[in-house]
Amino acid sequence: MAGKYPYMSGSAGLFQAVNQLRRSFPAQVTADTLKKLSIAPNNETYVINVLRFIGVLDNDGNRTSVGQKAFTTHGDEGFQK
């Protein structure tokens with residue numbers, strides 16, 4: 001049986017979210033957080049699901065230690081690794 005992967009129709013919202021989280025990563029990221037930042041209008045839950053899937057948020061939307069480490073890495077090259 002194939003694994004379940006989160007669905008997104010496009011990558012623009014996720015790109016915006018990642019860029020914002022690199023600038024400022026709040027302790028909790030919810031759909032309301034993304035709405036206030038005008039990120040992925042009407043697609044906030046898709047972005048949240050992807051961030052959970054890659055392990056930067058837990059099921060409650062709190063940042064994880066993996067996410068904290070990734071989003072506080074300075075420089076594009078270090079972040080890409």
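**Surface, fold and core**

Reply: The accessible surface of the protein chain is about 5700 Å², and carbon and sulfur atoms hold 51% of that. Such areas come from the Shrake-Rupley method with a 1.4 Å probe, and for residues only the protein chains shown count as cover. This is a predicted model, in which local features need pLDDT of at least 70 and side-chain atom pairs count only at pLDDT 80 or more, while totals for chains, interfaces and linings use all residues. Residues are numbered from 1 along each chain as its sequence is written, and side-chain values use heavy atoms, with hydrogens and water left out.

Me: How many helices and strands are in the protein chain?

Reply: Helices (H or I, at least four residues) and strands (E, at least two) are DSSP runs, numbered from the N terminus. From that end, the order of elements is α-α-α-α-α. The count is five helices and zero strands.

Me: What radius of gyration does the protein chain have?

Reply: The radius is taken over C-alpha atoms, and the globule rule is 2.2 Å times the number of residues to the power 0.38. For 81 residues the rule gives 12 Å, and the chain is close to this, so it is as compact as a globular protein of that length; its radius of gyration is 12 Å.

Me: What share of the contacts with a separation of 6 or more joins residues 24 or more positions apart?

Reply: A contact means heavy atoms within 4.5 Å. Of the contacts in the protein chain with a separation of 6 or more, the share from residues 24 or more positions apart is 53%.

Me: Which residues of the largest nonpolar core touch the most other members?

Reply: A nonpolar core is a set of buried Ala, Val, Leu, Ile, Met, Phe, Trp, Tyr and Cys residues joined through side-chain atoms within 4.5 Å; buried means under 20% relative accessible area, exposed over 50%, and partly exposed in between (1.4 Å probe, protein chains only). The largest core has 14 residues, and α1 (12-23) and α3 (44-53) are the elements that give two or more residues to this core. Leaving out residues up to four places away in sequence, V29 touches L21, L34, I48, L57 and G61. The members with the most core neighbours are V29 and L57.

Me: Is Q20 buried or exposed?

Reply: Q20 lies in helix α1 and touches L37 and I39, not counting residues up to four places away in sequence. With a relative accessible area of 18%, Q20 is buried.

Me: Where does A40 lie, and what is its phi?

Reply: Most residues other than glycine have a negative phi. A40 is in the loop between α2 and α3, and at 6% relative accessibility A40 is buried. S38, in the loop between α2 (31-36) and α3, is exposed at 54% and has a positive phi near 55°. For A40, phi is also positive, near 50°.

Me: How many Å lie between the C-alpha atoms of T72 and S24?

Reply: T72 is found in the loop between α4 (65-71) and α5 (76-80) and is partly exposed, at 40% relative accessibility. T72 and S24 are 48 residues apart in sequence, and their C-alpha distance is 8.8 Å.
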